[in-house]
Structure formats: C-alpha cells, structure tokens
Amino acid sequence: MFQLRPGSIAIVIGAQTPVGRGNIGKSVELFGLCQPGEMFLNPVNGVMTRMPLSASRPLWLVTGEVTAFDGQHGFAFVRAEHLMPLDPDCLPEHERAQTIA
C-alpha cells in the first residue's frame, strides 16, 4: 500500500466535514502525523497545539492551500485514508512506469 512520510506531497481525496470537503483535490505537503495527546508546533501559525487525548485516531497535519476545521488557512488535519501520495516512488510499479515514461 502507499506510504505517507513527512515532507511528501499528497492530494486530499476525501473528508468528513463540510470545511474538509473544500480541501478535496488540493495538493498538500505532509508535515507530521499527530498522535492523540501529542504536543507539536504548528509550522504555519507557530502555535503549540496538543492533539486531544480523546481523538479517535492520529491525523496528518498538512500544509498548503487548505483550510483547517476552524477556518484558518494554510494548514489542515487530515485522516491518512483521505490522502493519496504524489511521490512516484510510492506508486505501484505499473503506475510508476506510466509516470516516468
């Protein structure tokens, strides 16, 4: 299957919320996978943020022309299953051959 890595480029292919659906089709850079309870520095606004312990799953913090759940621009939190990597090394062999050729 596909491997998502910090620094990789991906496209948003799904979302659960109305704001998130506005991000579908946008190209993003993966910043980091945020685990429930983890604290991290948001690279866009410089704010220290803690992922709630009650979060049901880890979410990718992505940057780009996207909008967060609270309307802030430049970053968003996205489920892994809603991201498709655009790195040719992550594509299946038959798709990689078509991309490079």
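Predicted model: local features only at pLDDT ≥ 70, side-chain atom pairs only at ≥ 80, totals over all residues.
Local features need pLDDT of at least 70 and side-chain atom pairs count only at pLDDT 80 or more, whereas totals for chains, interfaces and linings use all residues. Residues are numbered from 1 along each chain as its sequence is written, and side-chain values use heavy atoms, with hydrogens and water left out.

**View 1. The two faces of strand 1 (residues 9–12).** Strands are DSSP runs of E, at least two residues, numbered from the N terminus. A10 and V12 point to one face and are buried (under 20% relative accessible area, 1.4 Å probe, protein chains only; exposed is over 50%, partly exposed in between). I9 is partly exposed, at a relative accessible area of 39%.

**View 2. Strand 1 and its pairing with strands 2 and 7.** Strands pair if DSSP finds at least two bridges between them. Strand 2 (residues 27–34) pairs with strand 1 in the antiparallel sense over three bridges, with E29 as the bridge partner of I9. Strand 7 (residues 83–85) is also antiparallel to strand 1, over three bridges, and its P85 stands opposite A10.

**View 3. The largest nonpolar core.** A core joins buried Ala, Val, Leu, Ile, Met, Phe, Trp, Tyr and Cys residues through side-chain atoms within 4.5 Å. This one has eleven residues, including A10, V12, V28, L30 and W60. Strands 1, 2, 5 (59–67) and 6 (73–78) each supply at least two of its residues; the largest share, three, comes from strand 5.

Technical notes: Helix = DSSP H or I, 4+ residues; strand = E, 2+ residues; numbered from the N terminus.
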